[in-house]
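Here is a short report on a ligand site and some backbone geometry. Please view the model alongside the text.

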Amino acid sequence: MSEDPDVVSRRIASESLERDDPTGWFENLYAAAAEGSAVVPWDRGTAHQLLAEWVQESVPDGADKTALIVGAGTGWDAELIADRGYDTTAFDISPSAIETAHRNHPDSKAHYRVADLLAPPPDWHHAFDLVVEIYTVQALPIALQPEAVKHVAEFVAPGGTLLVIAAARPDDQPDEDIQGPPWPLTRATVKSFATADLRLIELSQSPSPADANVLRWRAEYLRD
Ligand SMILES: C[S@@+](CC[C@H](N)C(=O)[O-])C[C@H]1O[C@@H](n2cnc3c(N)ncnc32)[C@H](O)[C@@H]1O
(Lines give C-alpha, C1' and ligand atoms only; values in the text may rest on other atoms or scores of the structure.)
Protein backbone atom coordinates (compact mmCIF):
# COMPACT_ATOMS: atom_id res chain seq x y z
CA MET A 1 0.00 0.00 0.00
CA SER A 2 1.36 3.48 -0.83
CA GLU A 3 2.27 5.82 2.02
CA ASP A 4 -0.31 8.28 3.43
CA PRO A 5 0.16 11.60 1.54
CA ASP A 6 -0.05 13.54 4.80
CA VAL A 7 2.83 11.47 6.22
CA VAL A 8 4.93 12.03 3.06
CA SER A 9 4.31 15.79 3.06
CA ARG A 10 5.05 16.04 6.79
CA ARG A 11 8.35 14.23 6.24
CA ILE A 12 9.29 16.56 3.37
CA ALA A 13 8.31 19.53 5.59
CA SER A 14 10.24 18.37 8.64
CA GLU A 15 13.45 17.77 6.63
CA SER A 16 13.24 21.37 5.42
CA LEU A 17 12.28 22.84 8.82
CA GLU A 18 15.16 20.99 10.49
CA ARG A 19 17.52 22.74 8.04
CA ASP A 20 16.00 26.03 9.21
CA ASP A 21 14.48 26.47 5.75
CA PRO A 22 10.79 27.10 6.56
CA THR A 23 9.61 27.50 2.95
CA GLY A 24 11.90 25.21 0.91
CA TRP A 25 9.66 22.17 1.45
CA PHE A 26 6.83 23.57 -0.68
CA GLU A 27 8.95 23.33 -3.84
CA ASN A 28 10.17 19.85 -2.83
CA LEU A 29 6.58 18.68 -2.32
CA TYR A 30 5.15 20.18 -5.53
CA ALA A 31 8.13 18.85 -7.54
CA ALA A 32 7.64 15.35 -6.05
CA ALA A 33 3.91 15.55 -6.81
CA ALA A 34 4.62 16.57 -10.41
CA GLU A 35 6.69 13.42 -10.89
CA GLY A 36 4.07 11.25 -9.13
CA SER A 37 5.99 10.41 -5.94
CA ALA A 38 3.86 12.55 -3.58
CA VAL A 39 0.42 14.08 -3.32
CA VAL A 40 -0.17 17.71 -2.31
CA PRO A 41 -2.63 17.21 0.57
CA TRP A 42 -4.36 20.60 0.21
CA ASP A 43 -4.75 20.42 -3.59
CA ARG A 44 -8.54 20.11 -3.84
CA GLY A 45 -8.90 20.26 -7.62
CA THR A 46 -11.48 22.98 -7.12
CA ALA A 47 -11.80 26.37 -5.43
CA HIS A 48 -12.00 26.43 -1.62
CA GLN A 49 -15.59 25.93 -0.44
CA LEU A 50 -15.54 29.08 1.75
CA LEU A 51 -14.23 31.18 -1.15
CA ALA A 52 -16.92 29.76 -3.45
CA GLU A 53 -19.55 30.62 -0.82
CA TRP A 54 -18.19 34.15 -0.47
CA VAL A 55 -18.35 34.62 -4.26
CA GLN A 56 -21.93 33.28 -4.30
CA GLU A 57 -23.00 35.62 -1.47
CA SER A 58 -21.12 38.76 -2.54
CA VAL A 59 -21.41 38.30 -6.33
CA PRO A 60 -18.31 40.48 -6.84
CA ASP A 61 -17.94 42.18 -10.20
CA GLY A 62 -14.27 42.19 -11.14
CA ALA A 63 -14.61 44.37 -14.24
CA ASP A 64 -11.81 46.97 -14.23
CA LYS A 65 -10.54 45.59 -10.92
CA THR A 66 -7.40 43.74 -9.89
CA ALA A 67 -7.06 40.71 -7.63
CA LEU A 68 -4.11 39.01 -5.96
CA ILE A 69 -4.19 35.38 -4.84
CA VAL A 70 -1.58 34.70 -2.15
CA GLY A 71 0.14 31.27 -2.02
CA ALA A 72 -1.99 30.25 -4.99
CA GLY A 73 -0.71 26.67 -5.27
CA THR A 74 -2.03 25.06 -8.45
CA GLY A 75 -4.49 27.82 -9.20
CA TRP A 76 -8.04 26.69 -8.43
CA ASP A 77 -8.94 29.74 -6.34
CA ALA A 78 -7.29 32.08 -8.86
CA GLU A 79 -9.40 30.63 -11.67
CA LEU A 80 -12.63 31.28 -9.75
CA ILE A 81 -11.65 34.90 -9.16
CA ALA A 82 -10.40 35.43 -12.74
CA ASP A 83 -13.75 34.06 -13.97
CA ARG A 84 -15.47 36.89 -12.03
CA GLY A 85 -13.69 39.34 -14.33
CA TYR A 86 -10.82 40.48 -12.09
CA ASP A 87 -7.43 41.08 -13.67
CA THR A 88 -5.95 38.36 -11.46
CA THR A 89 -2.36 37.83 -10.36
CA ALA A 90 -1.66 34.58 -8.52
CA PHE A 91 1.68 33.86 -6.88
CA ASP A 92 3.43 31.09 -5.06
CA ILE A 93 6.95 30.56 -3.74
CA SER A 94 7.16 27.19 -5.50
CA PRO A 95 8.12 27.25 -9.22
CA SER A 96 6.71 23.72 -9.59
CA ALA A 97 3.34 24.86 -8.19
CA ILE A 98 3.26 27.65 -10.77
CA GLU A 99 4.22 25.22 -13.57
CA THR A 100 1.39 22.91 -12.46
CA ALA A 101 -1.02 25.86 -12.37
CA HIS A 102 -0.10 26.64 -16.00
CA ARG A 103 -0.58 22.97 -16.93
CA ASN A 104 -3.93 22.75 -15.08
CA HIS A 105 -5.31 25.93 -16.62
CA PRO A 106 -3.79 26.33 -20.10
CA ASP A 107 -6.43 28.87 -21.18
CA SER A 108 -6.31 30.86 -17.95
CA LYS A 109 -6.85 34.59 -17.86
CA ALA A 110 -4.90 34.77 -14.57
CA HIS A 111 -1.22 35.77 -14.43
CA TYR A 112 0.71 33.14 -12.49
CA ARG A 113 4.13 34.00 -11.09
CA VAL A 114 6.73 32.92 -8.57
CA ALA A 115 7.10 35.35 -5.66
CA ASP A 116 7.81 35.25 -1.93
CA LEU A 117 5.17 36.61 0.45
CA LEU A 118 7.98 37.50 2.87
CA ALA A 119 9.75 39.66 0.23
CA PRO A 120 7.04 40.71 -2.24
CA PRO A 121 7.51 43.00 -5.26
CA PRO A 122 7.38 46.63 -4.00
CA ASP A 123 4.84 47.63 -6.68
CA TRP A 124 2.23 45.34 -5.08
CA HIS A 125 1.92 47.77 -2.15
CA HIS A 126 -1.75 48.93 -1.89
CA ALA A 127 -2.21 47.70 -5.49
CA PHE A 128 -5.11 45.19 -5.49
CA ASP A 129 -8.88 45.67 -5.24
CA LEU A 130 -9.29 42.12 -3.93
CA VAL A 131 -6.70 40.09 -2.03
CA VAL A 132 -7.41 36.43 -1.24
CA GLU A 133 -5.30 34.64 1.35
CA ILE A 134 -6.11 30.97 1.99
CA TYR A 135 -3.92 28.77 4.23
CA THR A 136 -0.57 30.47 3.40
CA VAL A 137 0.08 32.31 6.68
CA GLN A 138 -0.75 29.19 8.69
CA ALA A 139 1.74 27.21 6.56
CA LEU A 140 4.54 29.38 8.00
CA PRO A 141 6.04 28.92 11.49
CA ILE A 142 4.38 31.12 14.11
CA ALA A 143 7.46 33.38 14.40
CA LEU A 144 7.11 34.33 10.69
CA GLN A 145 3.35 34.90 10.77
CA PRO A 146 3.35 38.60 11.86
CA GLU A 147 5.58 39.52 8.88
CA ALA A 148 3.40 37.49 6.50
CA VAL A 149 0.20 39.07 7.89
CA LYS A 150 1.69 42.55 7.44
CA HIS A 151 2.54 41.94 3.78
CA VAL A 152 -0.88 40.42 3.00
CA ALA A 153 -2.61 43.48 4.47
CA GLU A 154 -0.34 45.87 2.57
CA PHE A 155 -1.42 44.46 -0.81
CA VAL A 156 -4.96 45.87 -0.40
CA ALA A 157 -5.68 49.07 -2.37
CA PRO A 158 -7.78 51.93 -0.98
CA GLY A 159 -11.44 50.82 -1.18
CA GLY A 160 -10.25 47.21 -1.62
CA THR A 161 -11.26 43.97 0.08
CA LEU A 162 -9.18 41.32 1.82
CA LEU A 163 -10.58 37.83 2.30
CA VAL A 164 -8.73 35.50 4.69
CA ILE A 165 -9.57 31.81 5.12
CA ALA A 166 -7.59 29.84 7.69
CA ALA A 167 -7.78 26.94 10.09
CA ALA A 168 -8.63 28.11 13.62
CA ARG A 169 -7.17 27.34 17.01
CA PRO A 170 -8.18 28.54 20.47
CA ASP A 171 -6.48 31.72 21.72
CA ASP A 172 -5.51 29.96 24.95
CA GLN A 173 -3.67 27.12 23.20
CA PRO A 174 0.06 27.82 23.72
CA ASP A 175 2.20 28.13 20.57
CA GLU A 176 4.49 25.36 21.85
CA ASP A 177 1.57 22.91 21.73
CA ILE A 178 1.18 23.26 17.96
CA GLN A 179 3.13 20.68 16.01
CA GLY A 180 2.97 22.36 12.62
CA PRO A 181 2.75 22.58 9.75
CA PRO A 182 0.15 23.87 9.73
CA TRP A 183 0.10 26.38 12.57
CA PRO A 184 -3.62 27.36 12.67
CA LEU A 185 -4.46 30.97 13.43
CA THR A 186 -5.78 32.32 16.72
CA ARG A 187 -8.56 34.92 16.74
CA ALA A 188 -5.89 37.45 17.72
CA THR A 189 -3.82 36.62 14.62
CA VAL A 190 -6.90 36.88 12.36
CA LYS A 191 -7.69 40.26 13.91
CA SER A 192 -4.07 41.38 13.37
CA PHE A 193 -4.63 41.69 9.58
CA ALA A 194 -6.68 44.78 10.46
CA THR A 195 -5.00 48.20 10.71
CA ALA A 196 -6.28 51.73 11.29
CA ASP A 197 -7.63 51.92 7.73
CA LEU A 198 -8.14 48.19 6.98
CA ARG A 199 -11.26 47.33 8.94
CA LEU A 200 -12.43 43.83 9.85
CA ILE A 201 -16.05 43.85 8.64
CA GLU A 202 -16.99 40.17 8.97
CA LEU A 203 -15.59 37.24 10.96
CA SER A 204 -17.08 33.76 11.14
CA GLN A 205 -16.01 30.28 12.17
CA SER A 206 -17.33 27.06 10.66
CA PRO A 207 -16.47 23.38 10.85
CA SER A 208 -14.64 21.72 7.98
CA PRO A 209 -16.89 19.38 5.96
CA ALA A 210 -14.07 16.80 6.03
CA ASP A 211 -13.63 16.89 9.83
CA ALA A 212 -16.14 18.64 12.11
CA ASN A 213 -13.41 19.00 14.78
CA VAL A 214 -11.44 21.31 12.49
CA LEU A 215 -12.74 24.89 12.58
CA ARG A 216 -12.01 27.46 9.87
CA TRP A 217 -12.04 31.24 9.92
CA ARG A 218 -13.52 33.33 7.16
CA ALA A 219 -12.64 36.99 7.63
CA GLU A 220 -13.35 39.96 5.40
CA TYR A 221 -11.66 43.36 5.68
CA LEU A 222 -12.24 46.62 3.84
CA ARG A 223 -9.66 49.39 3.31
CA ASP A 224 -11.03 52.93 3.69
C1 LIG B 1 -1.19 25.10 2.60
S2 LIG B 1 -0.82 25.64 1.00
C3 LIG B 1 -2.34 26.42 0.48
C4 LIG B 1 -2.40 26.60 -1.01
C5 LIG B 1 -3.68 27.29 -1.51
N6 LIG B 1 -3.79 28.65 -1.02
C7 LIG B 1 -4.87 26.47 -1.10
O8 LIG B 1 -5.64 26.90 -0.25
O9 LIG B 1 -5.00 25.39 -1.66
C10 LIG B 1 0.26 27.01 1.26
C11 LIG B 1 0.79 27.56 -0.06
O12 LIG B 1 1.55 28.71 0.20
C13 LIG B 1 2.74 28.65 -0.56
N14 LIG B 1 3.73 29.43 0.21
C15 LIG B 1 4.31 29.13 1.37
N16 LIG B 1 5.14 30.10 1.77
C17 LIG B 1 5.07 31.05 0.83
C18 LIG B 1 5.72 32.31 0.67
N19 LIG B 1 6.60 32.77 1.57
N20 LIG B 1 5.42 33.03 -0.42
C21 LIG B 1 4.55 32.58 -1.35
N22 LIG B 1 3.91 31.39 -1.26
C23 LIG B 1 4.18 30.64 -0.18
C24 LIG B 1 3.06 27.18 -0.66
O25 LIG B 1 3.93 26.86 -1.73
C26 LIG B 1 1.66 26.59 -0.83
O27 LIG B 1 1.26 26.56 -2.17
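## Ligand shell

A residue counts as near a molecule if one of its heavy atoms lies within 4 Å of it. In this predicted model, 18 residues surround the ligand. The closest are Tyr 30, Asp 92, Asp 116, Leu 117 and Ile 134. By class, the shell has 10 nonpolar, four polar and four charged residues. Here Ala, Val, Leu, Ile, Met, Phe, Trp, Tyr, Cys and Pro are nonpolar, Asp, Glu, Lys and Arg charged, and the others, Gly among them, polar.

Domain 1 (1-41) and domain 2 (44-223) both give residues to this shell, so the ligand lies between them. The domain bounds come from an automatic or database assignment.

## Polar atoms at the ligand

A polar contact is a pair of N or O atoms within 3.5 Å. A polar side-chain atom of Tyr 30 is 2.6 Å from a ligand oxygen atom. Ligand nitrogen atoms feature in two further pairs: a polar backbone atom of Leu 117 lies at 2.8 Å, and a backbone N or O atom of Ile 134 at 2.7 Å.

## Backbone geometry

Most residues other than glycine have a negative phi, and most peptide bonds are trans. The bond from Gly 180 to Pro 181 is cis, with omega near 0°. The bond from Pro 181 to Pro 182 is also cis, with omega near 0°. His 126 has a positive phi, near 50°.

## Basis

Residues are numbered from 1 along each chain as its sequence is written, and side-chain values use heavy atoms, without hydrogens and water. Local features need pLDDT of at least 70 and side-chain atom pairs 80 or more, while totals for chains, interfaces and linings use all residues.

Notes
Polar contact = N/O pair within 3.5 Å; in protein donor to acceptor, adjacent residues only side chain to side chain.
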